[in-house]
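Welcome to a short briefing on this model. Have a look at the strands, the core and the aromatic rings as you read.

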Amino acid sequence: MLHFADSLTFSGRKVVAAGAALPLPALSGSSFPDILSAHQQDMPWKLLSSCREQKLSCCFAQSVVLRGICQEKSSSNCPGQPRSPLHSCDSPEQVLQQFLHTQFPGAFSTAHVLQQPCDTRPPFPQFFSPLLTTRGFLLDKAQGFSSAGVESIPVLAALQSSPLLLPLLAGLCRELRARRWSSLGPAGLEHDDFQEALEELRTLAQCYETGLAAGGSEDEADSD
């Protein structure tokens, strides 16, 4: 995981945020372009990292993996002119790559699609909605569980280097400053080492600034 995160970080950045859709919100029988077309204004996954802001407007680099969308669901069954650029793609990988390029133009993005879904048979906890089929796709109305419950689900997972990490790292820097070295000294931390680590954390946070966020983040970091 460390080497994988390193492949998404550059320009002094070292931290990535994780996100996942567990399961991917997909109606039973819908194509993959239809699924992503329903998320033009937001991401189909939720952030797992403790970032204060949840709205992701830009991204430096990302790697996204999809599991459990079959090859035959990569395109719409409707004949005629494609309804969107996503519907004109030839494979699930191209659909996902096109979606990422549209949402985050200019970002370094990698997309991987695996046909095998995530296995959720026992002992996996059955905490899923009754709106899910046994294969983890959404129904229009609840049908109740089968005797086997939800056996598998489609999953979308992402690792992203983005400006959302700026307030997280700046907040950590503020917390450490507020504690002061006097409260950490008994743990064996030297004062010079503490100051050096604090400065490295501050510098790391600044690596996630964008042109729009730079001014506000600097004030935020110095608000102590």
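β4 shows a covered face made of S109, A111 and V113, while F108, T110, H112 and L114 form its uncovered face. In a regular strand the side chains alternate between the two faces of the sheet. Please keep in mind that this is a predicted model, in which local features need pLDDT of at least 70, side-chain atom pairs count only at pLDDT 80 or more, and totals for chains, interfaces and linings use all residues. Residues are numbered from 1 along each chain as its sequence is written, and side-chain values use heavy atoms, with hydrogens and water left out.

**Strands and helices**
- Helices (H or I, at least four residues) and strands (E, at least two) are DSSP runs, numbered from the N terminus.
- β4 pairs with β3 in the parallel sense over seven bridges (pairing takes at least two DSSP bridges between the strands).
- Within β4, H112 stands opposite V65.
- α4 has 15 residues and reaches 22 Å from its first C-alpha to its last, close to the 21 Å expected (1.5 Å times one less than the number of residues).
- Buried residues of α4 include L165, L169 and C173 (buried is under 20% relative accessible area, exposed over 50%, partly exposed in between, with a 1.4 Å probe and protein chains only).

**Nonpolar cores**
- The largest core has 42 residues, and F32, W45, L66, L96, L156 and Y208 have the most contacts inside it (a core is a set of buried Ala, Val, Leu, Ile, Met, Phe, Trp, Tyr and Cys residues joined through side-chain atoms within 4.5 Å).
- Its largest share, five residues, comes from α5.
- This core draws at least three residues from each of domain 1 (1-161) and domain 2 (166-210), with bounds from an automatic or database domain assignment.
- Apart from it lies another core of six residues, among them C118, L132, V150 and V155.

**Aromatic pairs**
- The structure holds four aromatic pairs (rings of Phe, Tyr and Trp, the last by its six-membered ring, with centres within 6.5 Å; planes under 30 degrees apart are stacked, over 60 edge-to-face, the rest tilted).
- The rings of F60 and Y208 are tilted, because their planes stand at 55 degrees, with centres 6.4 Å apart.
- This pair links distant parts of the chain, 148 residues apart, and both F60 and Y208 are buried.
- F124 and F128 are stacked, with centres 6.0 Å apart and planes at 5 degrees.
- F124 is partly exposed at 26% relative accessibility, whereas F128 is buried at 7%.
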